[in-house]
Amino acid sequence: MRNEVHLNQLAIAFMEPGGNCSSAELAAEMAERLNAKGDYFLRTATWNEATVLRISVIAYGTDMAIVDRLARDMIEAWNEMRATVYGESGTDLNSASQA
């Protein structure tokens, strides 16, 4: 089929219980941490009046291994961000997702 269209955008909103950080702050922090790795080029965007992390998959060579690595890096960054706010009492997404 010619000109087949596939969705290549993902928008992720971040929420933090207790209101210590806004969703805009969390999305910006996540983008900054992931971009610092040098493997990604992520930006924030506004969607439904909320700031979200915008992920665009535009490279032909993007495969599941890259997607898996991004997911792991996001979990690692989230856990680090939570530890900054909550210390040791923050929720570890690695252990939560395996429960």
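Analyst: Counting contacts (heavy atoms within 4.5 Å) in the chain between residues at least 6 apart in sequence, 57% join residues at least 24 apart. This is a predicted model, where local features need pLDDT of at least 70 and side-chain atom pairs count only at pLDDT 80 or more, while totals for chains, interfaces and linings use all residues. Residues are numbered from 1 along each chain as its sequence is written, and side-chain values use heavy atoms, with hydrogens and water left out.

Let's zoom in on threonine 44, which lies in strand β2, residues 43-47. Elements here are DSSP runs numbered from the N terminus: helices are H or I with at least four residues, strands are E with at least two. Reading from the N terminus, the order is β-α-β-β-α-α.

Threonine 44 counts as partly exposed because its relative accessible area is 37%; buried means under 20%, exposed over 50%, and partly exposed in between, with a 1.4 Å probe and protein chains only. Skipping neighbours within four places in sequence, threonine 44 is in contact with Ala27, Ala28, Ala31, Thr51, Val52 and Arg54. As for glutamate 29, 15 residues away along the chain, its C-alpha atom is 9.8 Å from that of threonine 44.

Now the surroundings. The three strands make an open sheet, ordered β1-β3-β2, with antiparallel pairing; strands pair if DSSP finds at least two bridges between them. At the edges are β1 (9-12) and β2, each pairing on one side only. From one strand to the next, the twist averages 45 degrees. β1 and β3 (residues 50-56) pair over four bridges, and arginine 54 in β3 is the bridge partner of alanine 11. Helix α1 (residues 23-36) packs on this sheet, touching β2 and β3, and its direction makes about 25 degrees with that of β3. Axes are lines fitted to C-alpha atoms, for helices over the stretch in contact, and angles run from 0 to 180 degrees between N-to-C directions.

Finally, the largest nonpolar core has 16 residues, and Phe14, Met30, Leu34, Leu53 and Met74 have the most contacts inside it. Such a core is a set of buried Ala, Val, Leu, Ile, Met, Phe, Trp, Tyr and Cys residues joined through side-chain atoms within 4.5 Å. At least two of its residues come from each of α1, β3 and α2 (64-86). Methionine 74 touches Ile12, Phe14, Met30, Leu34, Leu53 and Ile55, leaving out residues up to four places away in sequence.
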